[in-house]
Amino acid sequence: MKQNLSILLLLATAFGVSAQTKKATKPVAKTVQTYTVGNKKVTVYTTAEKTDYRISKTETLSFTENKQPFETEPCIFIDPTVKYQSLVGIGGALTDASAETFAKLSKKNQQELLTAYYSPNKGIGYTLARTNIASCDFSSGSYTYVQDNDKDLKTFSVAHDEEFKIPLIKQAIAAAGGKLPLFVSPWSPPAWMKDNNSLIQGGHLLPAFRQSWANHYVKFIKTYEAMGIPVWGLSVQNEPMAKQKWESCVFTAEEERDFIKNFLGPTLQKQGLASKKLIAWDHNRDQIFQRASTILNDKDAAKYVWGIGFHWYETWTGSEMQFGNVRQTHDAYPDKALIFTEGCKEKYDVNKLDDWTLGERYGNSMINDFNSGTAAWTDWNILLDEKGGPNHVGNFCFAPVHADTKNDKLIYTNAYYYMGHFSKFIRPGAKRIGSASSRDKLQATAFLNTDGKLAVVVMNQSDDKLKYSLWIKGQAATTTSLPHSITTLVVE
């Protein structure tokens, strides 16, 4: 026996393993997080079709013991100890179209809209914003900030924005309590910087103007900040694979990667803007993984990139929303954030302002995007007029709120309330937590806020009234989901 022990010790020494080392490699017990339901109550807020409920407080629930539900008991299972991404914010875009429409409202309705969007108590508490660098389709006309062939940007001026857009952004910041993270996106470089010499129909940035274009982002950010508008982040290019009849510019994945690593990234760093959140892609979910892998597999480009932005318009090809691509991107690059940067219902029709599917599209997207690892979610225009514009190429769309500018009225679609079920109750810094529905007709996501309150969002797109239990750690609170409804259950 002694001989065998000696041989084992000799072998251990030969392979560099000592008794001390073996002892040190024993698994260390993890600290198990706990969550106690205790005497917590559940406040239920509901928005439902064919009712007057619009983020309405509909009931208060108590928990009772239910150690193990049967399969016949529909449940939304929540585990607050299982934590995922932190929420950056939820909001909408402050475009030229929104600003021009806003300016046509009476002061009373302007204040109502600002409160409706940015007050966390009286409204839905938006905490994120986006705006366009120079013109986009949701502008009354095309414009740039520099004169032709001014590669040194000596003529740079945002005077155009001072009439409508900048005043709206400043009022939105004030309405949000003085802080509203803003990210900015270009639709096209000036025509003379492109190989098609046009703001529209795609085209590519000419190699000779890559540095000038990188400097243009810096000029825009520093100019806005000097005017009292902090800029939190920027995307490289809105929809870089779209050749549109409005402002657009094509970047292949390799072109975007190389522009980031050789021009935009280093320029931001040299100009003291390294802290700005740089967002790549900013286009649809269908190609998000290919774009992310091309850029983020290059360490010299990846070091400048904060996250990957995406839209929901992959449906134009006949596809359903491709949430699996978002999840795969998150799983492959967990150190990079995912941000939904734009979505709206296209093909505006004034007769469909009451269409309930408007809000359901938002709810379905937000639940699945958050459950796929998304950290921030930004709607498109916060406000459009009665025609779904203004839009200088006739690309009229829906917004959560429309203004009847002729009669000075605000029209709230159900999309406003569906978004509010997230933005009002899930605040920046909240951690997404474990959630699972035992029924396909009930979709759910859940977050733990920094103040300890749980917010669970449950959506029912079916025609059925569904009884279910909110189940947490052996305790259950039972309620009923109305047909075509969305609810937020706040546990505190």
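Entry 1, terms. I count angles under 35 degrees as roughly parallel, over 145 as roughly antiparallel, 65 to 115 as roughly perpendicular and the rest as oblique. I take helices (H or I, at least four residues) and strands (E, at least two) as DSSP runs, numbered from the N terminus.

I am reading a predicted model, in which local features need pLDDT of at least 70 and side-chain atom pairs count only at pLDDT 80 or more, while totals for chains, interfaces and linings use all residues. Residues are numbered from 1 along each chain as its sequence is written, and side-chain values use heavy atoms, with hydrogens and water left out.

I looked up helix H4 (residues 107-118) and helix H5 (residues 165-175), whose axes come within 9 Å and cross at roughly 55°; axes are lines fitted to C-alpha atoms, for helices over the stretch in contact, and angles run from 0 to 180 degrees between N-to-C directions. H4 and H5 are therefore oblique to each other. On H4, the contact (heavy atoms within 4.5 Å) is made by Gln110, Leu114 and Tyr118, and on H5 by Leu168, Gln171, Ala172 and Ala175.

I found a closed barrel of 8 strands with parallel pairing, running S5-S6-S7-S8-S9-S10-S11-S12; two strands pair if DSSP finds at least two bridges between them. Neighbouring strands of this sheet are turned by 25° against each other on average, direction ignored. Strand S11 (residues 337-342) and strand S12 (residues 376-381) pair in the parallel sense over 2 bridges. I noted that phenylalanine 340 has tryptophan 377 in S12 as its bridge partner.

I traced 10 strands in the order S2-S1-S21-S18-S17-S16-S4-S19-S20-S3, with mixed pairing. Strand S2 (56-62) and strand S3 (64-65) stand at the edges with a single partner strand each, so one side of each is left without a neighbour in the sheet. Strand S17 (residues 442-448) and strand S18 (residues 454-460) run antiparallel and are joined by 7 bridges. Helix H12 (residues 414-423) packs on the sheet and touches strand S1 (41-48), S17, S18 and strand S21 (485-491).
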